[in-house]
Amino acid sequence: MVLKATDGGMAVESNGFHTVGVGSSARKALLSALEDKRLVVGLSSAIRSLSADPDQYLFCFLAPAEDHGACGGHMHEVLLEAFCLEHDIHIIRVDSASKLSRLVQSPVVASCALVRKFPLKVIRRMNSATRRYESVLMEYSALYWDKPHKPVVKLPEK
């Protein structure tokens, strides 16, 4: 893996893929999912939704929990991550639960957000910008799929 300077800060290059704008792509994916009502927010809601139908989800955004001690939160996160990997759901670790909560307009601090896949009929009509930022996240996730520790994506402040 090579770090190299770019106009907008640092980019990570791995296997020819430049991870410039991953944080921005994560923001766009979350906002699009919120607008399209394809978002499940919160660890408990995510677990319930995944147990009902895991095949309908594309991304799982995980933020560091504010309080790991409450109700075995850390154990739930570890199990959620394993479940997502087993069902080919892309895991994107983000830097802040408060930023994630603000982006998804959650009234409480949320350490997890799931993004549902677009229905097939919608994919055919989607513009290329939407496909591009979800593709960036999928490629980014694929780079670290088998790594025991996923890198953390810094979400934009606004």
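Okay, ground rules, quickly. Residues are numbered from 1 along each chain as its sequence is written, and side-chain values use heavy atoms, with hydrogens and water left out. Since this is a predicted model, local features need pLDDT of at least 70 and side-chain atom pairs count only at pLDDT 80 or more, while totals for chains, interfaces and linings use all residues.

On confidence: pLDDT is the predictor's confidence in each residue, from 0 to 100. The protein chain has a mean of 81, and 76% of its residues reach 70 or more.

Let's start with the strands. When I say helix or strand, I mean DSSP runs numbered from the N terminus: H or I with at least four residues for helices, E with at least two for strands. Two strands pair if DSSP finds at least two bridges between them.

So what does β5 pair with? It joins β6 through 4 bridges, and those two run parallel. L62 has R93 in β6 as its bridge partner, and C60 has I91, also in β6. β5 also pairs with β7, this time in the antiparallel sense, over 5 bridges; there, F59 is partnered with V115 of β7. Moving along, β6 and β8 run parallel and are joined by 2 bridges, with V94 partnered to V153 in β8.

How covered are these strands? For β5, 6 of its 6 residues are buried, where buried means under 20% relative accessible area, exposed means over 50%, and partly exposed is in between, using a 1.4 Å probe and protein chains only. For β6, it's 4 of 5.

Now the helices. α2 covers residues 43-52, and its buried residues are L43, A46, S49 and L50. Looking down the axis of α2, they fall within an arc of 130°, so they line one face of the helix. That arc is taken from the directions from the helix axis to the C-beta atoms. R48, S51 and A52, on the other side of α2, are exposed. And what does the buried side pack against? β4 (39-41), β5 (57-62), α3 (73-86) and β7 (112-116).

Let me pick out one residue there. S49 is buried at a relative accessible area of 17%. Beyond its neighbours within four places in sequence, S49 is in contact with V40, Y57 and L114.

Next, α3. G73, E77, L80, E81 and C84 are its buried residues. Those cover an arc of only 100° around the axis, which puts them on the same side of α3. M75, L79 and E86 are exposed, on the face turned away from that buried side. The buried residues of α3 pack against α2, β5, β6 and β7. After α3 comes D88, with a positive phi near 55°.

On to the cores. By nonpolar core I mean a set of buried Ala, Val, Leu, Ile, Met, Phe, Trp, Tyr and Cys residues joined through side-chain atoms within 4.5 Å. The largest has 26 residues, and L30, F61, I92, L100 and L137 have the most contacts inside it. At least two residues each come from α1 (22-35), β5, β6 (90-94), α4 (97-103), β7 and α6 (128-143). L30, for instance, touches L39, F61, L100, L103, V104, A113 and V115, not counting residues up to four places away in sequence. There's also a second, separate core of 13 residues, including V40, Y57, L62 and C84.

Last stop: L155, in the segment after β8 (152-153). Is L155 buried or exposed? Buried, with a relative accessible area of 1%. Setting aside neighbours within four places in sequence, its contacts include G23, A26, R27, V94, L100 and L103. And L155 sits 130 residues from S25 in sequence, with 9.1 Å between their C-alphas in space.

Notes:
Contact = heavy atoms within 4.5 Å.
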